[in-house]
Amino acid sequence: MSIQPTPGPPPYQEPDDARRPETPEEPPGGSPQRETQSGPPSLRPARPRWRETLSLLAHNPTAAIASLVLLFIVIVAVFDDTFASEGANDISVDERLQSPSWAHPFGTDDLGRDILSRVILGASVSLKVGFFAVGFALVAGTLIGLLAGYYGKWVDDVLMRFMDMLFAFPAVLLAIAVLAVRGPGSGNTALAIGIVYTPIFARVTRASVLGVREEVYVRASRSVGASDWRLLTRHILPNAAPPIIVQTSISLAFAVLAEAALSFLGLGTQPPNPSWGLMLAEGRGYIELAWWLAFFPGMAIFLTVLCFNLLGDGLRDALDPRQRTLMAGGGK
Amino acid sequence: MFGLVHLVPGDPVRLALGTRFSQETYDALRERSGLDQPLVEQFFTWFGRALTGDLGVSFRSGETVTSQIAERLPATLTLAFASILVALLIAIPLGTVSALRPRSLVDRVATVISQFGISVPDFWMGIVLILVFAGTLGWLPSGGYVPISEDPGAWLQRLLMPALVTGVVSGSVITRFVRSSMLEALGSDHVRTAQAKGLGTRQVFTWHVLRNALLPLVTVTGVQLAYLLSGVVVVEIVFSWPGLGQLALQAVEARDYPVLQGAILLFAVVFLVINLIVDLLYTAIDPRIRR
Amino acid sequence: MNQPVLAVEDLRVRLRTPRGPADVVNGLSYTVGAGETVAVVGESGSGKSVSVLALLGLLPARVATVTGTARLQGEDLLAMSPDRLREVRGPGAGMVFQDPMTSLNPVLTIGRQLVEGIRAHGDVSKPAARARAADLLREVGLPDPDRALDRYPHELSGGMRQRVVIAIALSNSPSLLIADEATTALDVTVQAQIIDLVEKLQDEHGTGVIWITHDLGVVAGIADRVLVMYGGRCVEDGTVDDVLERPAHPYTRGLLGSLPDLAAPVGPDGEVPELTAVPGLPPPPTDLPPGCVFWPRCPVRSDPRCEDEQPPLAIVSRAAAGAGATASGTTVSGATPSGAHEGDRAHLPHRAATWCAEGTSGTGSPAVAGTSGTGSPSGGAR
């Protein structure tokens with residue numbers, strides 16, 4: 001089941017490469033210095049590190065290519081009307097089920113519609129749903145995580161128990177359940193996926209907040225009487241940001257996948273609007289007759305999801321403080 | 001102690017979702033049979049019956065929900081266990097090899113494979129497999145399910161493709177865990193102690209790396225198995241596999257709330273049971289948690 | 001008996017890192033005689049641990065390049081086949097690691113971990129190995145050794161675990177014991193017990209010991225000889241009395257200055273500069289300075305050559321005149337004939353790699369005296 005929200009610990013907490021045993025930076029037998037490398041920063045890190053992040057990302061060819069492809073997909077999706085030929089939803093019986101050709105690079109479907117155009121239009125639907133879903137999950141989850149992590153005690157208990165409950169539930173089924181209650185459609189799909197991913201953001205945020213809350217600089221600010229809101233927004237949130245950013249990218253991947261799956265099941269985007277999942281479902285019946293019906297939308301889903309995942313991995317490498325010290329910092 | 005902590009978050013799941021669907025059930029039931037009970041009372045009635053194994057009657061078919069679920073259970077169990085087998089067969093060797101040679105060609109290839117496996121839409125992969133193996137090559141049937149008791153050969157033929165699809169996806173997730181926990185085990189101090197004792201490479205690897213690295217694998221495998229058991233809805237649809245996921249989807253489409261309710265209750269129970277088993281297993285194999 | 005247990009010569013370790021090659025150990029030479037304890041001192045990052053891990057081939061081969069020779073009872077560890085090296089680990093050299101919390105496998109019993117080490121080097125039956133394991137635990141002072149065999153590491157305290165690690169290291173009666181920060185993670189009383197234990201075992205078995213530490217208190221307590229490492233180089237070595245009481249290298253003096261009770265009783269003729277701590281950080285091994293490795297942090301800097309030239313390790317004094325007559329100042333290996341006999345120890349040359357040395361007994365090193373117009377008094381100014 002590919003749409004599950006990466007089970008187990010949140011993906012961010014799996015610093016694959018930073019823990020490599022042969023990391024020469026820290027020779028085996030490596031001594032108390034270890035603490036200075038992996039421990040939380042005792043001073044507040046410099047604020048504008050997006051620039052450094054960007055350059056680290058640029059040095060990672062996979063992530064760089066992935067972001068370029070994504071940029072291309074987003075541009076295509078935004079200007080879908082320009083790229084897609086007109087009347088992509090118009091039926092033309094004369095041209096049905098044509099194999100790929102110059103006129104129709106991806107062929108045509110059972111109703112004679114140009115598949116390339118529909119894939120392009122589908123991009124905007126998929127991305128819209130994806131962005132709205134992750135946007136919802138991001139805002140709701142981050143807020144819940146912040147409150148739970150910052151206030152602790154019963155607030156934490158109540159909120160996180162509820163989140164655990166949602167999290168424990170199989171993702172697709174939860175989404176199906178939401179859609180069963182609210183009825184199918186793009187908007188509800190976005191909401192359903194958003195609800196599914198909220199707990200992950202809440203967990204990631206809460207973990208970061210707990211890590212940062214007792215840091216020297218936060219306690220220092222509190223002692224000079226900074227308000228809760230100011231502490232949250234100026235001190236805690238920026239430091240909790242890296243894992244949230246990584247999670248956003250990875251969740252976008254899964255949101256696109258989930259939207260496709262739900263549409264495939266007929267619960268998401270409704271015809272005649274093109275959505276990749278829906279096109280796959282429609283093409284499935286013609287699979288032996290005309291493979292291109294299902295193949296190209298599937299490729300589109302795959303490529304988009306892959307790029308979001310690769311970008312997420314790249315971001316994690318670039319934003320993980322351990323990785324950062326390894327590449328740019330002091331060491332021995 | 002540990003087991004109890006894990007039990008707690010699961011219990012509200014059942015409560016909340018039970019409540020939510022009781023609301024719908026309530027509406028539907030009132031529509032159909034004019035029942036007019038307060039929501040809470042209805043929920044408790046349903047819950048009380050559920051405890052005795054009575055999940056109500058399907059709106060659509062008139063069969064009891066319990067019998068419908070029982071009918072679908074073998075297919076789902078078969079697919080889930082076959083998938084987890086495929087997943088482990090992929091993940092353990094692949095994760096181990098890439099952890100042993102990090103940043104090497106093998107590692108990069110393994111990373112790419114697992115990245116692909118995570119990103120590929122399972123239903124699309126299923127369709128492509130059907131196209132190739134059922135369509136073009138004609139080696140395998142494109143779907144359906146035959147109980148093993150009827151015809152083991154046909155059972156296996158039909159199981160192969162869906163198990164491969166879900167196994168690849170789960171396996172990719174597990175591969176990454178194997179790789180990172182193996183790396184962690186390889187880098188831990190006690191491995192150096194073992195080497196310094198003068199143990200052979202194989203002995204060091206088996207007892208001081210593999211043994212330790214596989215502990216977290218139990219948890220990940222459990223989580224994956226729980227997801228697989230709760231019905232890989234989309235893959236079941238693609239391969240016409242008569243499992244619980246298909247049942248749940250049909251229930252949604254038909255607004256057959258007793259069935260949906262029952263299926264969801266079952267998933268929650270499956271989740272709890274798996275968590276419990278994982279906890280017990282962990283206690284058995286990790287001395288640190290014992291007592 | 002005159003042959004040293006271990007003779008290391010020109011040991012160099014280079015590690016591949018993402019930021020280029022790092023020279024972590026640069027030309028280290030020393031010997032360890034039977035029953036002798038050599039302390040290797042230096043702050044973290046000075047290459048102490050790497051230098052001993054390299055001896056037993058415990059650095060990952062893909063990242064580390066090790067050159068030089070290290071003869072353990074005449075046999076070069078660095079040129080050995082992996083199989084032979086595996087045989088030597090254990091009976092040849094046992095190793096105790098820094099952190100007793102992590103150096104035992106948490107999921108195997110103590111007994112298993114001891115037994116597998118014993119059985120790896122000899123055809124011993126399981127019951128026999130188990131009996132030997134219990135004996136070892138008794139020897140290192142673990143209460144109720146028979147029951148301890150069936151316990152898991154997490155059931156023991158840190159001190160007890162370190163005893164187990166020592167028992168593992170000793171299980172094949174090694175001729176050399178390497179203790180890498182073996183007591184650093186323990187509290188002071190346990191630390192003293194462990195040190196006593198090692199000394200006792202050393203007396204009984206005649207084991208040579210390399211004791212790596214950054215704790216000068218420990219050094220004063222146990223070492224026969226001291227080797228001070230900085231930036232992967234030996235900057236000073238000699239008998240424990242010479243080095244601790246008449247330190248020659250500015251770095252050693254800095255280290256000693258940061259230790260309150262040793263800073264006071266300085267030899268009557270040598271004024272140790274009052275350095276409460278050595279400011280700054282060691283140079284990164286990827287980017288070592290061309291001259292003296294300590295130059296960037298050196299508070300003395302009395303000789304401009306230190307900036308661009310590497311000062312040789314030269315004899316600064318001979319505690320008891322006459323004995324070291326044959327020692328040549330520059331060749332590193334010839335300078336230490338053997339530390340095997342109690343009587344010889346006093347005659348070991350005291351060497352330091354610096355031009356800033358204040359020769360405590362008045363004479364500078366013969367090799368460098370001619371050219372070095374050391375501004376010796378200037379060191380104490382600040």
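**Reading domains, burial and confidence in a predicted model**

Me: How is chain C divided into domains?

Reply: In this predicted model, chain C separates into domain 1, covering 1-92 + 172-382, and domain 2, covering 104-170. The contact between them draws 15 residues from domain 1 of chain C and 12 residues from domain 2 of chain C.

Me: Which element supplies the largest share of the domain 1 side, and what classes of residue does that side have?

Reply: Helix 7 (residues 188-205) of chain C contributes five residues, the largest share of the side of domain 1 that touches domain 2. By class, that side of domain 1 of chain C holds 10 nonpolar residues, four polar and one charged.

Me: What secondary structure does chain C contain, and what percentage of its residues is buried?

Reply: Chain C has 13 helices and 12 strands. Of its 382 residues, 53% are buried. For contacts in chain C between residues at least 6 apart in sequence, 65% link residues at least 24 apart.

Me: How many helices and strands does chain B have?

Reply: Chain B has 11 helices and zero strands, and its pattern along the sequence reads α-α-α-α-α-α-α-α-α-α-α. Buried residues account for 50% of the 291 residues in chain B. When contacts in chain B between residues at least 6 apart in sequence are considered, 72% join residues at least 24 apart.

Me: Where in chain B is confidence lowest, and where is it highest?

Reply: The general idea comes before the case. Where pLDDT is low, predicted coordinates should not be read in detail. Chain B averages a pLDDT of 75, with 76% of the residues scoring at least 70. Confidence in chain B is lowest in helix 1 (residues 2-33), at a mean of 38, and highest in helix 3 (residues 65-100), at 87. Over residues 1-20 of chain B the pLDDT is below 50, and this stretch has 30 contacts in the model beyond near neighbours in sequence. Residues 25-38 of chain B also stay under 50 in pLDDT; for them the model has 11 contacts beyond four places in sequence.

Me: Why is helix 11 (residues 276-284) of chain A described as largely enclosed?

Reply: A residue counts as buried if 20 or more other C-beta atoms lie within 10 Å of its own. Eight of the nine residues of helix 11 of chain A are buried, so this helix is largely enclosed by the rest of the structure. Among them are Trp276(A), Leu278(A), Met279(A) and Glu282(A).

Me: Against which helices do the buried residues of helix 11 of chain A pack?

Reply: Their partners in chain A are helix 5 (115-151), helix 10 (228-264) and helix 12 (292-319). Helix 5 (122-136) of chain B is also packed against by these buried residues.

Notes. Residues numbered from 1 in each chain as written. Chains lettered and ligands numbered in written order. Predicted model: local features only at pLDDT ≥ 70, side-chain atom pairs only at ≥ 80, totals over all residues. Domains from an automatic or database assignment. Contact = placed C-beta atoms within 7 Å. Helix = DSSP H or I, 4+ residues; strand = E, 2+ residues; numbered from the N terminus. Nonpolar A, V, L, I, M, F, W, Y, C, P; charged D, E, K, R; others polar. Buried ≥ 20, exposed ≤ 12 C-beta atoms within 10 Å, placed from the backbone. pLDDT = per-residue confidence, 0-100.
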